[in-house]
Amino acid sequence: MGPGTQSDVRPTGHSLISALLEPGEEVEHEIAVGDRTVAVTSNRVAIVEADRVALSIAIDDIQRIELDIERDRSGILTIVPDETIDHPGVLTFDRDGCAPAGTLLVTVGRRLAAS
């Protein structure tokens, strides 16, 4: 397992995610893997690492999402912003994190396809 990887994938109610929400914005998915929390809201994708926001990006500002799963290695979900000034958000997960990462990917993918 790599950094930020943990078999304890769980829903969360991270206070920094809550603080990002604008009026009327709702959290659709929120999962924690290790010390990272990833949330998909009605407007954005956010990644929080411990006590800082690593990525908060409007879904319309996502260039692509990459999902890499290999045998005998940690999986990697990468969210790549349109603007190069924004760093990609990276989430590594073990086999227990495949389903939550996949669900998150489907939610964002549907939004990207509709925009």
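This is a predicted model: local features need pLDDT of at least 70, side-chain atom pairs count only at pLDDT 80 or more; totals for chains, interfaces and linings use all residues.
Reader: What length does helix α2 reach from its first C-alpha to its last?

Author: Helix α2 covers residues 98–114 and has 17 residues. Several of its residues are buried, among them Pro 100, Leu 104 and Val 108.

Reader: Is Arg 44, which forms a salt bridge with Glu 22, buried or exposed?

Author: The closest N and O atoms of Glu 22 and Arg 44 are 3.7 Å apart. The pair links distant parts of the chain, with Glu 22 in the loop between α1 and β2 and Arg 44 in strand β4, 22 residues apart. Glu 22 is partly exposed, with a relative accessible area of 49%. Arg 44 has a relative accessibility of 13%, and because buried means under 20%, Arg 44 counts as buried.

Reader: Which residues are linked with Arg 44 in a network of salt bridges?

Author: The structure holds 7 salt bridges. A network of them includes Arg 44, and its other members are Glu 22 and Glu 25.

Reader: Which strands does the salt bridge between Glu 49 and Arg 36 tie together?

Author: The closest N and O atoms of Glu 49 and Arg 36 are 3.3 Å apart. Arg 36 is buried, with a relative accessible area of 14%.

Reader: How far apart are the C-alpha atoms of Gly 89 and Leu 55?

Author: Gly 89 lies in strand β8 and is buried, with a relative accessible area of 5%. Along the chain, Gly 89 and Leu 55 are 34 residues apart, yet the separation of their C-alpha atoms is 6.1 Å.

Reader: What is the charge of the surface patch in which Glu 83 gathers with Asp 82?

Author: Glu 83 is found in the loop between β7 and β8. Its relative accessible area is 53%; because exposed means over 50%, Glu 83 counts as exposed. With Asp 60, Asp 61, Asp 82 and Asp 86, Glu 83 forms a surface patch whose charge is negative.

Key:
Residues are numbered from 1 along each chain as its sequence is written. Side-chain values use heavy atoms; hydrogens and water are left out. Patches are made of residues with over 30% relative accessible area and no salt bridge: like charges are joined within 9 Å, nonpolar side chains (Val, Leu, Ile, Met, Phe, Trp, Tyr) within 5 Å. Accessible areas come from the Shrake-Rupley method with a 1.4 Å probe; for residues, only the protein chains shown count as cover. A salt bridge is a side-chain nitrogen of Lys or Arg within 4 Å of a carboxyl oxygen of Asp or Glu. Lys and Arg count as positive and Asp and Glu as negative; His and the chain ends are not counted. The place of a charge is taken as NZ of Lys, CZ of Arg, CG of Asp or CD of Glu. Helices (H or I, at least four residues) and strands (E, at least two) are DSSP runs, numbered from the N terminus. Buried means under 20% relative accessible area, exposed over 50%, partly exposed in between (1.4 Å probe, protein chains only). The expected span of a helix is 1.5 Å times one less than its number of residues.
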